[in-house]
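Reader: I am new to protein models, and I would like to learn how to read the features of one step by step. Could we go through an example together?

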Amino acid sequence: MLKRYVVWDMDGTLIDSMEMWTNLVGEYLESQDISPVDHAQLVKQLDMLTVSEGTALLSQHFPRLGSPRAIEQQIDALLERHYREDLVLKPGVEQALRCLSRKDVHMCVASATAEPLIQACLARLGVLHHFDFLLSCETLQTSKREPRIYLEAAKRWAVKPSDIAVCEDAYHALETAHKAGFYTVAVFDQSNANQWADCLKNADESIINKEE
């Protein structure tokens with residue numbers, strides 16, 4: 001990666017959190033004394049819905065859980081605990097960030113996660129100081145299916161998209177950044193193993209192991 005500017009995704013790229021996201025619905029149901037095993041079909045259905053759709057379905061299915069908004073707040077509390085207390089960096093990340101910082105490479109984080117949680121998690125893990133700024137889809141009211149979050153990084157650094165490497169583990173994010181003219185780096189995670197070939201189609205470079 002020879003770029004002087006690097007945008008890092010967080011979940012599945014910097015931190016090992018995709019298993020947490022995969023198990024989140026089941027964890028929430030268990031916290032409410034509801035067996036996810038007994039409601040496996042519902043859990044599978046929830047995985048394909050947006051947050052608002054999923055909380056509405058849970059509220060309808062289990063009225064005792066309260067309103068969709070109340071359920072969303074309870075799930076947010078679970079997420080916050082993980083980001084603030086137990087999620088860890090992926091292997092090789094700390095060394096990679098330290099190496100790039102020594103080379104005076106400018107870095108930022110662009111994530112779908114809320115900015116306060118990005119900051120709290122990276123500060124706890126001792127790597128926050130490596131980043132010039134943090135960008136959240138939530139704050140910018142966008143998603144990674146459109147390039148706004150990456151273009152915001154280019155704007156803040158006052159450089160062209162082609163001068164910036166975007167490191168992502170999600171196929172749709174790589175596709176978005178690639179189409180917008182950024183240099184794209186596909187980062188392998190177990191969660192994207194089934195889509196790895198598609199990820200590579202939208203990548204200028206790939207990383208299997210950050211310790212390499």
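**Reading charges, strands and turns**

Author: Let us begin with R84, which counts as partly exposed because its relative accessibility is 40%. Please keep in mind throughout that this is a predicted model.

Reader: With which residue does R84 form a salt bridge?

Author: The general idea is that side chains of opposite charge can pair when their charged atoms come close. Here R84 pairs with E80, and their closest N and O atoms are 2.7 Å apart. Both residues belong to helix α5 (residues 68–85), where they are four residues apart, about one turn of the helix. E80 is partly exposed, with a relative accessible area of 33%.

Reader: How many salt bridges does the structure hold?

Author: There are 11 salt bridges in the structure. One of them joins K179 to E175, with the closest N and O atoms 3.7 Å apart; because these two are four residues apart in helix α10, about one helical turn separates them. K179 counts as exposed at 66% relative accessibility, whereas E175 is partly exposed at 24%.

Reader: Which parts of the chain does the pair of K90 and D189 link?

Author: The side chains of K90 and D189 meet in a salt bridge of 2.9 Å, N to O. This pair links distant parts of the chain, since K90 is in the loop between α5 and α6 and D189 is in the loop between β5 (183–187) and α11 (196–201), 99 residues apart. Both K90 and D189 are buried. Salt bridges also form a network here, which links D9, K144 and E168.

Reader: What does D11 have around it, if it is buried yet has no salt bridge?

Author: For D11, the nearest side chain of opposite charge is K144, 7.6 Å away, and a salt bridge needs the nitrogen and the carboxyl oxygen to be within 4 Å. D11 is in the loop between β1 (5–8) and α1 (18–22). Its side chain makes a polar contact of 2.5 Å with that of S17 and another of 2.6 Å with that of Y83. Among the residues that D11 touches beyond four places in sequence are W21, S111 and D169.

Reader: Finally, what is the phi of D33, and what is the phi of D104?

Author: Most residues other than glycine have a negative phi. D33, however, has a positive phi near 60°, and D104 also has a positive phi near 60°. D33 is in the loop between α2 (24–31) and α3 (40–46), and D104 is in the loop between α6 (93–102) and β2. D33 is exposed at 73% relative accessible area, and D104 is exposed at 58%.

Methods. Residues are numbered from 1 along each chain as its sequence is written. This is a predicted model: local features need pLDDT of at least 70, side-chain atom pairs count only at pLDDT 80 or more; totals for chains, interfaces and linings use all residues. Side-chain values use heavy atoms; hydrogens and water are left out. Buried means under 20% relative accessible area, exposed over 50%, partly exposed in between (1.4 Å probe, protein chains only). Lys and Arg count as positive and Asp and Glu as negative; His and the chain ends are not counted. A polar contact is a pair of N or O atoms within 3.5 Å; within protein, one must be able to donate a hydrogen and the other to accept it, and residues adjacent in sequence count only if both atoms are side-chain atoms. Contact means heavy atoms within 4.5 Å.
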